[in-house]
Structures are given as structure tokens and as C-alpha cells.
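Here is a report on the chains and contacts of a predicted model. The sequence and structure come first.

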Number of protein chains: 4
Amino acid sequence: MIIIVRSALPGPELDGIREFVERHGLRTHVSHGTDRTVIGCVGDARAIDPHAVRTLPGVEQVIPIRKPYRLASADFVASRTLVSLGDARGTVVGGEELVIAAGPCSVEGREMLLETAAAVHASGARMLRGGAFKPRTSPWVFQGMGEEALELLAEARAATGLPVVTEVMDPRQVELVASHADVLQIGARNMQNYALLAEVGRVRRPVLLKRGLSATVSELLLAAEHVMAQGNRDVILCERGIRTYETATRNTLDVGAVAVLKLETHLPVIVDPSHAAGRADLVAPLAFAAIAAGADGLIVEVHPRPHEARSDGDQSLTLGAFDALMRDVARFAAAAGRTLGAPSPSATARSRPVSAEDAARDAALVA
Amino acid sequence: MIIIVRSALPGPELDGIREFVERHGLRTHVSHGTDRTVIGCVGDARAIDPHAVRTLPGVEQVIPIRKPYRLASADFVASRTLVSLGDARGTVVGGEELVIAAGPCSVEGREMLLETAAAVHASGARMLRGGAFKPRTSPWVFQGMGEEALELLAEARAATGLPVVTEVMDPRQVELVASHADVLQIGARNMQNYALLAEVGRVRRPVLLKRGLSATVSELLLAAEHVMAQGNRDVILCERGIRTYETATRNTLDVGAVAVLKLETHLPVIVDPSHAAGRADLVAPLAFAAIAAGADGLIVEVHPRPHEARSDGDQSLTLGAFDALMRDVARFAAAAGRTLGAPSPSATARSRPVSAEDAARDAALVA
Amino acid sequence: MIIIVRSALPGPELDGIREFVERHGLRTHVSHGTDRTVIGCVGDARAIDPHAVRTLPGVEQVIPIRKPYRLASADFVASRTLVSLGDARGTVVGGEELVIAAGPCSVEGREMLLETAAAVHASGARMLRGGAFKPRTSPWVFQGMGEEALELLAEARAATGLPVVTEVMDPRQVELVASHADVLQIGARNMQNYALLAEVGRVRRPVLLKRGLSATVSELLLAAEHVMAQGNRDVILCERGIRTYETATRNTLDVGAVAVLKLETHLPVIVDPSHAAGRADLVAPLAFAAIAAGADGLIVEVHPRPHEARSDGDQSLTLGAFDALMRDVARFAAAAGRTLGAPSPSATARSRPVSAEDAARDAALVA
Amino acid sequence: MIIIVRSALPGPELDGIREFVERHGLRTHVSHGTDRTVIGCVGDARAIDPHAVRTLPGVEQVIPIRKPYRLASADFVASRTLVSLGDARGTVVGGEELVIAAGPCSVEGREMLLETAAAVHASGARMLRGGAFKPRTSPWVFQGMGEEALELLAEARAATGLPVVTEVMDPRQVELVASHADVLQIGARNMQNYALLAEVGRVRRPVLLKRGLSATVSELLLAAEHVMAQGNRDVILCERGIRTYETATRNTLDVGAVAVLKLETHLPVIVDPSHAAGRADLVAPLAFAAIAAGADGLIVEVHPRPHEARSDGDQSLTLGAFDALMRDVARFAAAAGRTLGAPSPSATARSRPVSAEDAARDAALVA
């Protein structure tokens with residue numbers, strides 16, 4: 001910690017600051033400059049709240065040096081974390097192979113889920129996403145099918161072998177969700193819901209932690225730290241766009257954060273291009289950019305009939321568009337020195353659009 | 001709802017859109033412009049997800065007309081909501097009298113809490129704030145004294161008569177917190193924690209709902225709507241600064257949001273100048289600005305010895321600075337046509353700074 | 001300047017950094033911590049580009065200590081700057097009296113300008129604003145009446161005695177504008193147009209410098225520094241709202257910046273509530289908040305018939321609404337310990353709305 | 001244009017609004033909903049200022065339908081614009097081949113410029129960048145070598161055949177700069193400097209228009225419109241990161257804007273990963289992401305000895321790192337279905353780092 005004070009600070013006040021710091025077990029070291037005097041503090045500064053130091057008379061600035069996260073920091077772990085999804089195939093997130101999760105925003109019924117799961121599996125997805133409990137800005141709209149959806153997700157896993165990721169919003173439901181899902185998703189709105197983070201930190205399930213709407217990279221890592229501090233080290237970070245002044249896209253995809261995270265942490269990082277784009281026709285370029293920036297995977301919203309979707313229809317890809325996306329992503333994966341799971345060999349029938357509306361939409365997207 | 005499509009859209013596609021909308025019980029109405037065709041939709045558009053409409057071929061833009069909140073909207077309630085705090089004095093938030101809540105960021109012990117409570121009461125505060133469960137960005141720092149703090153708060157209430165507001169972070173603790181506190185605070189990080197909002201919506205305690213770090217005014221009102229939809233209509237909104245690119249203040253106090261809220265909703269609106277400023281020396285001007293913009297009250301961090309505070313010391317006022325603030329706020333209250341509770345007549349001894357450090361600090365602040 | 005390096009940095013690299021800094025005439029001082037080593041640099045660090053230092057191997061962070069502005073800094077000037085407007089009345093900005101500038105967004109004709117000038121003068125304004133050269137986002141809309149408007153402004157000054165402020169957008173027009181106007185306005189879009197700043201720095205006219213749409217407080221002061229470095233020390237700063245994610249107001253008025261500027265600089269600071277609000281019905285609360293936060297004045301858009309305005313009609317006050325605003329502002333001025341110019345005694349007839357539309361609008365605003 | 005009013009609006013007020021609009025040559029069309037009444041306006045709404053309409057009594061919202069830009073809009077031009085750089089090689093921006101511009105932030109001398117030009121040419125760059133007039137936040141630091149730098153740039157062009165791009169900041173210098181440079185750069189700070197935009201719109205030189213620090217995509221296109229309205233249609237847009245709350249990168253690269261621009265306009269779009277990153281070690285991933293999102297090229301800061309750079313040293317690549325970047329970019333270009341100019345065959349000696357510092361730095365970057 002470095003403390004900056006006015007150079008004209010009277011001796012007793014300067015001594016007061018030094019004594020305050022030394023009382024907490026640190027050593028201090030003063031250098032006098034023309035305009036400012038600098039007090040260097042050596043030792044474990046975590047014992048002192050820098051905010052408290054700033055209240056001392058004469059203090060102009062307090063600069064912490066050490067980063068506030070430890071478990072999530074790349075400084076303290078020799079190798080990158082590989083998160084195993086626990087499926088028969090042995091899928092891991094964070095390795096050479098990119099992992100693509102896909103599925104509907106919300107689970108809306110058995111048929112649509114199984115149809116989607118089979119299709120995204122056939123196209124090469126390695127994880128199935130689907131919302132059971134939905135955080136919705138308004139209390140007056142569809143909030144998800146709840147426990148019934150969890151059972152349908154488990155059925156879809158049985159049918160395809162795909163591990164399932166779904167959001168948990170309430171600490172009281174962590175056990176329930178963990179009993180059906182393979183990966184627990186913490187949504188952007190709950191990134192700093194510490195009761196929830198602690199609870200998922202106590203179960204043995206990987207956690208997919210989405211970056212908050214206006215969270216910094218540092219805050220995202222500290223949220224991961226809240227999970228890891230409880231014992232669960234299997235955290236997958238997810239960049240999904242941040243809130244800025246720009247409204248041309250739903251959120252602003254921060255590919256720079258992906259690149260920074262690859263340096264700052266050993267945890268794997270995936271990207272959600274669907275929420276960043278907010279529009280189906282922008283999902284592909286954002287997905288490509290994410291892979292190019294170094295992401296370890298993607299999570300993509302896919303719906304067999306987007307115009308019937310009960311949430312996020314406008315940013316959902318059709319089954320056909322997702323299949324095309326996967327073929328294109330493969331090229332960028334190769335350019336990035338990564339591999340992409342091949343389409344399932346047993347999946348003979350490729351999924352395709354089932355309505356005139358979607359066929360027209362696909363034509364536009366794929367063109 | 002208004003749907004905008006290309007003017008060159010083929011008849012069948014235009015009909016498809018109209019049929020889709022009409023299937024949901026709305027009537028449609030088409031006007032053809034030079035470049036664009038506009039489909040007006042009459043009826044309760046809440047039955048349709050505008051995102052789904054945007055997926056239909058040819059649709060360029062979907063514009064909802066109705067506001068998404070109802071219970072919180074000033075359109076549907078004849079008079080402003082007055083929230084009673086349940087104290088013997090009969091304090092209400094939202095009336096002519098401004099209500100000032102004050103107290104430490106965290107409850108750190110019995111003595112400091114009782115000292116602060118007595119002092120802020122003497123200076124004219126009408127509510128006591130104090131954190132028991134603290135949401136902290138890092139898991140490695142002080143997280144609050146928990147239940148013990150709740151008991152101390154109740155003791156401070158008994159000593160001063162001040163109703164108590166404290167944060168609840170976990171739906172499993174709502175009952176516990178409600179059994180000690182008079183007002184339940186939802187912190188900025190939890191503004192969209194819907195499980196928690198629903199839970200505080202079911203108890204009979206007023207809720208102090210802080211605006212999320214980057215929440216829009218509309219999202220704040222929808223968060224209130226989540227609480228109100230469960231039956232609890234006593235919601236006090238709190239503007240506490242938003243996250244912007246500017247780092248000269250901890251957050252950017254959005255006084256425009258206060259003014260907009262006074263038009264959009266019947267709920268009372270207070271302001272937290274401490275978190276907006278992040279520095280004790282900026283709390284007063286922000287407090288004055290808040291009152292001038294129409295706020296119904298303030299919530300201010302006060303600590304007898306800020307440099308010993310375990311959280312937020314740098315933005316906490318000393319007891320003396322808070323007393324000075326109250327005298328100044330009274331002038332702005334009068335300018336705004338509001339009243340401010342007089343200092344407690346029975347409180348003969350005014351609190352004052354207890355250390356040389358704080359005396360120096362006060363001198364600077366009050367000067 | 002403080003340089004932070006890894007504690008494990010090999011001796012030669014550490015020496016390389018020290019030598020690099022010392023070559024520029026600074027002394028260095030090393031303290032070794034557990035994780036990091038800190039190199040304190042004493043001397044005039046302005047000789048070194050901190051960005052260059054950051055490129056040296058092993059450097060993790062470079063922290064400048066000295067503030068980058070000098071002439072604008074409150075540290076180096078004993079008293080606050082008072083900017084004289086040069087009128088017969090001897091108006092100064094930055095003194096005890098608040099100075100209110102008012103007038104139309106654009107000068108649209110002789111009659112409307114003279115009518116507005118007389119009215120705002122009668123209501124107590126001390127400066128007349130009016131755009132001659134208008135920076136418009138689109139090239140296809142009204143760009144101002146140009147030189148003709150300058151002549152009309154001079155005529156309005158002759159009629160009322162009010163000094164005139166108008167925007168200059170082109171360094172080639174500074175001389176022309178300065179020959180008609182009393183104060184040269186630099187608009188938000190041009191805050192970092194250094195050719196223009198240098199040019200207005202060379203004339204003997206006060207400069208009203210608006211904060212850029214997303215400029216920090218520090219960048220605003222550095223823009224003032226560009227003007228002052230050329231010799232012109234009469235700079236009035238203007239906060240006019242910043243760009244954030246929030247769309248409920250046109251911009252987000254940053255009252256915290258006003259409070260910070262009053263500490264950081266000796267230059268006067270005024271506020272433009274009209275551009276911050278973007279809506280006439282929010283101008284008054286934002287104006288009050290600005291005064292409460294410590295602003296030295298306001299600049300307000302006023303139009304006799306806002307619905308006929310060729311720009312910014314929706315945020316312009318009618319003459320009647322401005323008159324009401326001034327009476328209300330007077331109360332907040334008093335609360336802030338400031339005075340406000342009394343309405344002109346010779347102005348017997350108060351201006352009032354001239355159409356049914358504006359009467360209705362005023363009724364709503366004033367109510 | 002669509003106007004939304006309260007459904008309870010009295011007939012005369014509704015008629016007043018309709019008459020106002022019809023007076024400007026539009027037809028109106030009213031549909032009555034439950035809560036709101038919608039007035040559709042058919043005709044060329046550009047004749048009316050929507051802000052003026054919003055001032056009419058009863059109007060709640062005014063929604064423009066037509067986009068505000070015409071010349072820059074993809075709607076009105078059949079094919080994409082190819083901007084020819086005028087070199088012997090016939091380089092065009094916007095075609096199948098990606099165009100990479102590279103060079104120092106500032107021209108700092110003859111030797112460093114010629115060395116850099118030869119090296120980036122050898123690595124496959126197709127344009128040479130270099131600042132002669134530098135917009136600097138502070139007036140107290142190096143502002144560029146001015147006209148001398150222009151002559152050096154012309155010499156470097158003669159030596160390598162690379163067309164030259166350099167910034168122009170002052171309308172009075174457009175002619176001078178155009179007499180030496182092949183492409184005129186408008187910097188981010190001047191994106192809305194309309195006097196300057198008009199001036200470069202009148203010369204026959206392509207314009208490289210950088211997005212303002214917090215400009216929307218729409219505002220960027222309107223800035224291009226200002227140039228094009230004067231007759232110069234050769235505008236290259238440049239995304240360079242926007243200002244957000246995040247400080248881990250200097251700016252937030254908005255790859256979504258690149259994808260949106262490819263849909264909205266026929267103009268070519270390139271990306272500046274150097275200013276977005278602000279750190280040399282993040283330039284490569286951002287460059288890859290830009291190409292993946294669909295950019296037509298890059299503009300990259302390169303310096304033979306970054307720690308000696310007089311500006312932006314920390315984000316400049318060494319010659320060796322740039323050479324490595326080009327090889328990596330080629331793979332992403334192929335994945336995106338684009339080509340990248342091969343390294344110059346005549347350039348036998350590859351440039352390489354010239355100091356131990358830079359060798360160490362390269363090792364880190366390239367690893």
C-alpha cells in the first residue's frame with residue numbers, strides 16, 4: 001500500500017499516519033517529493049482498510065498494490081483450471097477443445113426441448129442450456145416452468161448425453177437444481193448475490209458465473225473468489241456484454257475483457273454472444289470475435305421456432321442457423337489453434353427450419 | 001404496440017404479421033409510408049412478447065407503448081404513497097417532512113452504535129441505519145456482525161425511539177431481520193435478486209429499495225413492482241449514484257432520476273449521498289442537491305471515528321459533521337417547501353468529535 | 001511518480017528501470033515488499049512519459065502523483081477567479097452573486113430574439129445566450145443563421161444591456177464572433193478541439209467551456225489548461241450532463257462534478273440544466289440541484305414559443321416558465337448563501353405565454 | 001414519424017397536433033388505444049423537428065421512423081464502397097483483401113520513421129500511419145513535429161510505396177496535410193468538429209473517420225454524412241474502442257459496432273486495436289476479434305523502440321511483434337473468407353528488435 005500526502009504536512013500528522021499503519025503490523029518508508037510526500041507501506045496490507053486510511057488528516061490518496069483476489073488469480077496457480085462436466089464423453093472446459101453450450105432461453109415444453117437438444121447435439125454442441133427459473137425484469141411475464149423444466153432437462157440429457165447447464169436464482173433451490181443439472185449458472189443480475197454465491201460454493205457442481213451488467217473484470221474475479229472461498233474451485237467465467245451508452249446492440253460485448261481474463265486468471269472463460277447481440281443476425285460475428293479473442297467456448301440461445309419463444313426470441317438462432325454457425329466457428333477455432341467438437345456421427349438427420357417464417361429468416365441469416 | 005416494417009414488404013408477409021398479432025387478441029391497423037409501413041396494434045399488448053414479434057420476417061422495429069410497470073406507476077394511483085415507519089412519533093416517508101436516516105455503514109459494536117444513535121437522534125435524524133449483514137466485494141474482509149448486530153440495533157431503537165433500517169441479503173433471513181428491524185433494505189447489488197424481492201414482498205415491513213449500480217429508472221420501478229406484486233406496497237426508492245466512466249466520485253449521483261421518479265411513480269424517493277460521493281467532503285453538496293431535486297429524504301453514513309471504521313470510513317461523516325449537515329439541509333428543505341424534523345429537544349449535550357484526528361477533519365469539512 | 005514491479009524482478013532489470021528514470025533527472029528510491037517492489041521517483045516527473053515507462057520489462061503499473069493541470073489547479077492560485085463580463089453593470093461570474101444566462105437555443109429571427117432578451121432580462125437574467133453557428137448532429141437540418149445572428153445578438157445587447165454568449169465552432173471565425181459577442185462558448189463536441197481552444201486562448205474575451213459528452217473532470221480542466229496556456233485566464237466551466245446508459249433524461253447531470261470542481265479549481269463553474277434534462281419539465285429541479293451543489297450560475301434555454309423552435313424546443317422554457325424558475329431559484333440561492341440578481345425594476349410588464357399551447361404547457365410546468 | 005398522446009386527450013388538443021403536422025405537408029392517421037392514442041404521420045418527416053412536436057400539449061413520445069442518415073446508409077446504395085488509396089499497387093479498402101495500416105503514434109524523426117516504414121512494409125502492411133499534428137489531452141506535452149513530419153511521411157512513402165495516413169486537426173491545415181498525405185485522418189476527439197468535417201469533405205482525399213470516444217453508431221454515420229454532404233464519398237470508418245466504466249483496457253473495443261456497421265452502411269470499416277487495448281500485450285487478441293467480426297482492415301501502432309516513444313509507447317508493438325501479428329492475422333483473415341497482402345517479397349531482411357529491453361518484451365508478447 002502506498003499513501004500519498006501533501007509535502008507540507010506537519011510532522012505530527014505524518015507521524016500519526018505512520019503509527020496508524022504500523023499499529024497494523026506494516027513497516028513504513030517515507031520519501032519527500034516537491035509537491036507530495038509518499039509513504040510506502042511494506043507487509044500484508046489486507047489487514048488495513050484503505051478507506052479508513054483515507055480518512056486520516058492530510059491523506060490525499062491511498063493506492064493498494066496487491067490485487068484483491070487470490071484464489072482466482074493467475075499469479076498463484078501454476079496451471080490453467082480445466083473444468084470437467086462429468087459426462088461420459090469426458091468434456092472439459094478450458095482445454096484445447098472449445099466447448100459450445102446451446103439451447104433455448106427458457107424450457108417451454110418437452111417437445112421443443114428434446115427437438116432442440118437433439119439438433120444442437122447433432123451440430124456439435126457439447127452442453128445443453130435451458131432456463132427453468134427465469135429472472136425477468138417484469139413480474140408480469142413468464143417466469144419459467146420451474147421444477148418441471150429441470151426434469152425435462154434431465155430427460156434431454158438422458159436422450160443426448162449432453163450435460164445440462166441451467167440458472168439457479170435462490171439459495172434455497174441450489175440443492176434441487178444441483179440434483180438435476182450438471183452445471184449451475186449464476187446469472188448476470190446475481191453476480192454479486194453473495195448468499196447465492198456462497199451456496200453454490202458448497203456443492204460439487206461446476207458453476208457458470210456470468211459477468212454482471214456493469215461489473216468490472218476485477219469484480220467478476222472477486223465474485224468467483226466468493227464461490228471458491230467456500231471450496232468449489234470449478235468456476236467457468238462468462239462474458240455476456242456490458243451496459244454502455246450504445247443501444248445499437250443489446251449490450252456491448254467486451255472482447256478486451258476476455259483477453260484480460262486470459263492473463264489475470266487460470267479459470268476458463270466463455271462468451272454468450274446472444275445476450276450481447278440481442279439480435280439473431282449479430283450472433284455469428286460476435287461468436288467469431290469471441291473465439292478470436294481467446295474464449296474457451298460459447299453459450300448460444302437456440303430455438304426451433306424463435307417467433308414462438310416466450311423469452312428472448314429475437315436473439316435466438318433457429319436450429320438451421322445454429323448448425324451453420326458451428327461450421328463457421330470451426331474455421332475460427334482452427335485459426336485460434338483450438339479444436340471444435342465434430343458434429344455427432346450418429347446424428348444422421350440434420351435439423352432444419354420447420355416453418356416458412358423460419359426458412360425465410362434462415363435464408364437471410366445464412367446468406 | 002407499433003410494428004414497423006419495410007414498405008416494400010410483400011402482402012403475404014404483412015398479412016402473416018397481422019395474423020400473428022391478431023391471434024393474441026389485438027386489432028391491427030396499417031398505414032403505408034414512403035419508406036416504411038407502420039402496423040398499429042390496439043389492445044392489451046402485454047399478451048405478446050415484443051421480442052417474438054421482432055423475429056417475424058420483415059419486421060424492423062417493435063415499439064411498446066404502454067409502460068411495463070403498473071403498481072408503481074403514478075398513472076394508476078390517485079395520491080402519493082406515504083410510508084409509515086411505525087415509530088411512536090408517527091414518522092412517514094413521502095410527506096411534507098423530509099426524513100433523514102443516519103448511522104454507521106456497519107454495526108461494529110455496542111458502544112459505537114449507541115453513541116452514534118444518540119448523536120444522530122439529537123441532530124434531528126428520524127431513522128437509524130446500520131449494517132448487520134454486509135455485502136462485500138471481497139470475501140476476505142469483514143462481512144458484518146450478523147444477528148448480534150440486529151440485537152444491538154433493536155437496543156439502539158429502544159434507547160432513542162428511532163426506527164431501524166438494515167440490509168437483508170438472503171431470502172432465508174428475511175424473517176429474522178424483520179423481527180428486529182423496522183425497514184428492510186435491499187442493497188444495490190440485489191436490486192434484481194427476484195427471490196429476495198418476492199420474500200420481502202410477503203412481510204409487513206416497509207422496504208427501502210436501492211437502485212442497482214447500473215439500473216435504469218424503469219428497471220428500478222420494475223424491481224419495486226416485484227415487491228408490490230407480492231402484496232407489500234410500502235416501498236421507498238433510493239437513488240445512490242450510478243456507475244459511469246467518471247472516477248472523480250465513487251458513483252455519479254443522478255439527480256435527474258430523482259426528478260423523473262417524482263413524476264413517474266407515487267412511491268417516495270430518498271437519496272444516499274454517501275455512496276454517491278465516496279468521500280466525506282462531498283457528502284454535503286450532494287445531500288443539498290438531492291433535496292433541491294425533490295428527494296423525500298436522505299440516508300447518510302455517520303461514524304464517531306471514521307478512521308476506525310471497518311467499512312466505508314472515507315465516506316462517513318463524523319458526528320459533528322453530521323450535525324452541521326443537518327443545520328444546512330434545513331435551509332434547502334425550506335427552499336424546497338419541505339420541513340425538516342427539529343433536533344431532539346431532550347438531547348441537551350450535542351455530540352462532538354472525540355479525537356484530534358476527527359477534530360482536524362471536521363474543521364476541514366465544516367469550514 | 002511511483003513504479004511498481006514484480007518483487008522477483010532480476011537485479012539488472014530493476015537497475016535498467018532506475019537508470020531510465022534517473023537519465024531524466026529524477027532520483028529513485030526502492031522498497032521491497034512481499035509480492036511487489038516499489039520504485040519511488042522524486043523530481044519533476046513531467047519530463048517522462050509514464051506510458052513509456054510502462055513498456056520497460058518488469059513494470060506492472062506506473063502511478064503519476066502530480067495532477068496534470070497547473071494553471072487551472074486550485075493548488076497554485078490563492079484566490080478564486082472572478083470573470084468579468086464587461087457590461088455596464090459590472091457582472092462577474094464566480095462571486096457571491098449567481099449569474100443566470102438565458103435565451104434561445106438558436107437565434108431564429110429578430111423579433112423572437114428581442115422578445116426573449118427583454119423577457120429574460122426582466123426576469124433577472126444577467127447574460128443572453130443564443131446560437132448563431134449551431135453544431136448539429138445531422139448535416140440536413142438547420143445549422144444556425146450565422147453572421148446575421150451575431151448582429152441580432154449585438155442589437156439585443158444594445159436594447160437590454162445584457163452581455164451576449166454564443167458558440168464559436170471554427171478557429172477561422174473566432175475573430176468574427178469575438179467582435180460581436182462578450183463571451184465565447186466552446187460547445188461540448190469541441191471540448192477537445194485543440195486548434196479552437198488555442199485560438200480562443202489568444203483573444204481577450206471570457207470563454208464558456210462546456211464539458212464534453214463523456215469528458216472526465218480532469219479532461220475538462222486540461223481543456224481549460226489548453227485555453228489558459230495561450231494567455232486567456234478567463235475561463236468559465238460548464239457542466240451540462242454526461243452520457244451514461246440512462247435514457248430517462250437526455251444526459252445525466254453530474255452534480256458531483258460541480259462539487260469536485262469547486263475543490264479542484266479556482267475557475268467558476270456554471271450548469272446547463274436544459275441539455276442535461278432534455279425536457280422542459282425537468283429543467284427546474286435540475287437547476288435547483290445545481291445551485292445547491294455549489295454552481296456559480298446557470299445557462300438556460302428559453303423560447304417564446306417552444307413548439308416553433310428550430311432546435312431543442314422540447315427542452316426550452318417558455319418566457320413565463322423561466323420567470324417562475326427565477327423566483328424559485330432565488331430561494332435556493334439564499335439557502336446556498338448566494339445572491340441572485342433582482343428582476344429588472346424598469347421592466348414593468350412581465351413576459352407571459354403568447355399562445356394557448358404555451359399557456360397550457362406553462363400551467364403544467366408551473367403547477 | 002409516430003406521435004403518442006394520452007388517450008384521454010381532449011379533441012381540440014388532438015386536432016392541434018394534427019394540424020401542426022399537416023401544416024408541414026404530412027398526412028396524419030389516428031388510432032385510439034386503451035391508454036394511448038397513436039398519430040401516424042405519413043410523408044417526409046424531415047421537414048419537422050421531432051423535438052418541436054414533443055413540446056405540443058398532450059404529446060408523450062415522438063418516434064422518428066426514418067433513419068437520419070442517407071448518403072451513408074446501406075439502404076440507398078446498391079454496392080459497397082471501395083476506397084482507393086491511389087498507390088501504384090492499387091490498394092482498395094473495403095474489398096476482399098484486408099488492408100493493414102501500421103506505423104508510429106507520432107513521427108519522432110527521420111530514422112525511426114524510415115526504419116518503421118520499411119519494416120511494416122516488409123511485414124505486409126499496405127498503409128503507413130504516423131502523427132504529425134497530435135491532439136494531446138495536456139498542453140504541456142509533445143504536440144507532434146508538424147509540417148516537418150509531413151515531409152518525412154512523404155519521404156517514407158517514396159521509399160516504400162506505402163500510402164500515408166495522418167491526422168488533420170485544424171480546418172486551416174487541411175490543404176497542407178492533403179498535399180503530403182494520401183488519407184486524411186479525423187481523430188476521435190474531432191468526430192463532431194463540423195467545420196473540420198466540412199473541410200475534408202471538399203478535398204479529393206479519402207478520409208479515415210474515427211469514432212468519437214462516446215459516439216453512437218448512428219452519430220458516427222452522421223459524422224460521415226457531414227463529410228459526404230460536401231461531395232467527398234470516400235470515407236473509411238474506424239472503430240477504436242468506446243469509453244465505458246471498465247478500466248482494465250484503455251477503451252472498450254465494440255466489435256458489435258463493427259457488425260452493425262457492416263449492415264447499416266456501404267462504407268468500409270476498419271479497427272484500431274491499439275487505442276482500444278492501451279497495452280501492447282492485448283493488441284493481438286483485439287486485432288483477431290476485429291477481423292473475425294468483419295472488419296475490412298486494421299490500423300496498428302508500431303514503434304522500433306516503444307520505451308523511447310514520445311506518445312502511446314505502452315500500446316505500441318515492436319517491429320518484431322508486428323511481424324508476428326501479421327502472420328497470425330492471416331489465419332483469421334482466411335477464416336473470415338478474406339485475403340491478406342503477402343509480405344513484400346523484396347524485403348529480404350526481416351526487421352527485428354534492436355535492444356535487450358525489446359527482445360525481452362517481444363519474447364513475452366509472442367510467447
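Two residues are in contact if their C-beta atoms, placed from the backbone, lie within 7 Å. This is a predicted model: local features need pLDDT of at least 70, side-chain atom pairs count only at pLDDT 80 or more, and totals for chains, interfaces and linings use all residues. Residues are numbered from 1 along each chain as its sequence is written, while chains are lettered from A and ligands numbered from 1 in the order in which they are written.

## Chains B and C

The contact draws 32 residues from chain B and 31 residues from chain C. On the chain B side, four helices each supply at least two residues: α8 (255–264), α9 (273–277), α10 (280–293) and α11 (319–335). The largest share, eight residues, comes from α10(B). By class, this side of chain B has 22 nonpolar, seven polar and three charged residues. Here Ala, Val, Leu, Ile, Met, Phe, Trp, Tyr, Cys and Pro count as nonpolar; Asp, Glu, Lys and Arg count as charged; the others, Gly among them, count as polar.

Chain B superposes on chain C by a rotation of 180° with 0.0 Å of shift along its axis (RMSD 0.0 Å). The two copies are thus related as by a two-fold rotation axis. Superposition is by least squares on the C-alpha atoms of residues with pLDDT of at least 70 in both copies. The same surface serves both copies: 97% of the contact residues of chain B recur in chain C. Of the residues of chain B, Ala289(B) comes closest to the rotation axis, at 2.0 Å (C-alpha).

## Chains B and A

This contact takes 45 residues from chain B and 45 residues from chain A. On the chain B side, α2 (50–54), α6 (194–200), α7 (217–228) and α12 (356–366) give two or more residues each. α7(B) gives the most, with four residues. The class count for this side of chain B is 17 nonpolar, 13 polar and 15 charged residues.

## Chain A

Chain A has 12 helices and 15 strands. Both are DSSP runs numbered from the N terminus: helices are H or I with at least four residues, strands E with at least two. The C-alpha trace of chain A spans about 80 × 45 × 40 Å along its principal axes.

Of the 367 residues in chain A, 63% are buried (20 or more other C-beta atoms within 10 Å of the residue's own, C-beta atoms being placed from the backbone). Among contacts in chain A between residues at least 6 apart in sequence, 68% join residues at least 24 apart.

Terms used. Buried ≥ 20, exposed ≤ 12 C-beta atoms within 10 Å, placed from the backbone.
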